[in-house]
Amino acid sequence: MGDLRVETSAKRVRAYFGGELVADATAPRLVWEIPHYPAYYLPLASVRAELRATGETRGDGVVHDVVTPGGTASGAAVTYPDSARLRDLVRLDFAAMDEWLEEDEPIYVHPRDPYKRVDVLSSSRHVRVALDGVTLAASSQPRILFETTLPPRYYLPLSDVRFDLLRPSGTQTQCPYKGTAAYWSVEVNGVTHDDLVWIYRSPLPESQKIAGMACFFSEKVDLFVDGELQERPKSPWS
């Protein structure tokens with residue numbers, strides 16, 4: 001793990017499990033294990049819970065259970081005692097903890113990348129969404145969400161969407177920048193296209209401008225902006 005990108009964050013970071021404080025760090029490290037987003041590695045000195053070695057390893061890492069009076073998170077911690085850069089740190093599995101705080105605000109899914117930006121801009125550009133020759137939505141009041149490394153997303157008022165073509169979906173996803181999204185499928189010409197549309201009904205504060213608006217996967221529909229057909233972007237959702 002010697003080639004990892006590691007940076008020290010100025011944020012205070014706390015993790016909780018079983019109603020107990022697991023760690024309280026004022027100099028957490030951001031470690032880019034994968035290119036898309038970082039993970040938090042916390043100084044071992046900041047850990048309040050017991051880290052009980054399981055005897056297992058993950059690559060170069062030593063696996064531990066996180067033990068608190070409120071319960072045990074099995075295999076939820078990994079240390080790297082033979083790594084010069086990480087030996088004094090522990091990686092707590094983000095999903096295994098009950099709650100994470102940056103300063104006094106909760107964070108979700110994974111730590112936010114300090115080099116990633118989300119801008120939501122009101123626009124008067126005319127946006128039309130179609131699939132197999134059928135118009136699904138058309139609006140001159142879009143909110144365009146620009147997120148670093150991802151294609152622009154066009155959020156449209158629900159009143160400009162053809163609800164007769166939408167079908168309820170039980171799918172939900174979470175984003176650390178926007179919150180929890182709910183989905184609809186779309187039925188066109190007798191064919192159902194699963195989870196083609198999403199909505200953030202109660203987005204996180206920095207994304208409030210898209211609250212209650214619908215967005216289509218531009219990778220999977222025909223998107224026209226001011227009458228011009230846009231090229232379908234290449235992304236993880238293509």
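**Exercise 1: Contacts along the chain**

Among contacts in the protein between residues at least 6 apart in sequence, what percentage join residues at least 24 apart?

*Solution.* Start with the ground rules: this is a predicted model, where local features need pLDDT of at least 70 and side-chain atom pairs count only at pLDDT 80 or more, while totals for chains, interfaces and linings use all residues. Residues are numbered from 1 along each chain as its sequence is written, and side-chain values use heavy atoms, with hydrogens and water left out. Now the count: of the contacts between residues at least 6 apart in sequence, 49% join residues at least 24 apart.

**Exercise 2: The overall build**

*Solution.* Take the secondary structure to begin with. Helices (H or I, at least four residues) and strands (E, at least two) are DSSP runs, numbered from the N terminus. On that basis you get zero helices and 22 strands. Then the box: along the principal axes, the C-alpha atoms fill roughly 60 × 35 × 30 Å. Then burial, where buried means under 20% relative accessible area, exposed over 50%, and partly exposed in between (1.4 Å probe, protein chains only).

**Exercise 3: The annotated domain**

Compare what the UniProt record marks with what the model shows.

*Solution.* An unreviewed UniProt entry places the feature "domain: DUF427" at residues 13–84 and 127–218. Keep in mind that UniProt positions are given in the numbering used here, feature names are shortened, and annotations may be inferred rather than shown by experiment. Look at residues 13–84: this stretch is 0% helix and 64% strand, with its end C-alpha atoms 23 Å apart. Residues 127–218 come out at 0% helix and 59% strand, and here the end C-alpha atoms lie 11 Å apart.

**Exercise 4: The cysteines**

*Solution.* In the model, the test is a pair of cysteine sulfur atoms within 2.5 Å. The closest cysteine sulfur to that of cysteine 215 belongs to cysteine 175 and is 12 Å away, so the gap is too far for a bond. The tally for the structure is zero disulfides.

**Exercise 5: Loops between strands**

*Solution.* Go residue by residue.

- Glutamate 103 sits in the loop between strand E10 (99–102) and strand E11 (105–106). Though not a glycine, glutamate 103 has a positive phi of about 50 degrees. At 41% relative accessibility, glutamate 103 is partly exposed.
- Aspartate 226 is found in the loop between strand E21 (222–225) and strand E22 (228–229). Again there's a positive phi of about 50 degrees in aspartate 226, which is not a glycine.
- Alanine 96 belongs to the loop between strand E9 (89–92) and E10, and is partly exposed at 24% relative accessibility. Leaving aside residues up to four places away in sequence, alanine 96 touches Phe17 and Ala76.
- Glycine 19 is in the loop between strand E2 (13–17) and strand E3 (20–25), and counts as exposed at 71% relative accessibility. Its C-alpha atom is 37 Å from that of threonine 149, which is 130 residues away along the chain.

Key:
Contact means heavy atoms within 4.5 Å.
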